[in-house]
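Open the model in your viewer and get ready to click through it.

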Amino acid sequence: MTRNYTYSFKLKVVKEYLNGENSLHTLCLKYKMPSDTPLVIWVSRYKAFGPTGLKQLKRRHYSNDFKVAVITYYLNHSTSIQKTAIHFDISHTVVYNWLKLMRQFGIKAVISSKIGRPKMVKKKKETSKKKTEQQLIERQQKQIRHLEQELSYTKIENVYLKKLDAVIRNKKQH
């Protein structure tokens, strides 16, 4: 069960830890927290962003390019989810969910993940006019851009799978 903590509580606990008054474990016991994970996150966000790092992050919509950049950073720098989230100033849960989606269904699942109900689109009546040459060119260019983007995502997924394979082989050798 997730608990919501106030900004003032987070600030108080983080300062108590950074001043050396108590350890993370002691603070968990003192404030009856089930785990020290939130404390670790609060301390790292406080160190990176100051007191504003403890404020609740607002829901944002992220572009596909941003999602790919976050996943690529995580894979290429062999860093933790928490450090990746701090680097991009986003929630660690968001990064975790994107990585989970990618591991289960591939990079395309991360890109195509839409939240909420799909928009209602009115269907346009088809006209019997022939498409002009310009419209055909624009459609082909759009298709080329889409295929280039898909190739880029496939390359990222390939890098991830190679690293995963290397980790598995490394574990088998030990």
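Start by selecting Ile 71, Leu 75, Ile 90, Val 95, Trp 98, Met 102 and Ile 107: they have the most contacts inside the largest nonpolar core, which has 18 residues. Such a core is a set of buried Ala, Val, Leu, Ile, Met, Phe, Trp, Tyr and Cys residues joined through side-chain atoms within 4.5 Å, where buried means under 20% relative accessible area with a 1.4 Å probe, protein chains only. Helix 4, helix 6, helix 7 (107-111) and helix 8 (133-173) each supply at least two of its residues, and helix 4 gives the largest share, 5 residues. Helices here are DSSP runs of H or I, at least four residues, numbered from the N terminus.

A word on what you're looking at: this is a predicted model, with local features needing pLDDT of at least 70, side-chain atom pairs counting only at pLDDT 80 or more, and totals for chains, interfaces and linings using all residues. Residues are numbered from 1 along each chain as its sequence is written, and side-chain values use heavy atoms, leaving out hydrogens and water.

Next, click Met 102. Leaving aside neighbours within four places in sequence, Met 102 is in contact (heavy atoms within 4.5 Å) with Ile 71, Leu 75, Ile 107, Val 110 and Tyr 160.

Finally, zoom out to the whole chain. You'll find 8 helices and 0 strands, and 27% of the 174 residues count as buried.

Technical notes. Buried means under 20% relative accessible area, exposed over 50%, partly exposed in between (1.4 Å probe, protein chains only).
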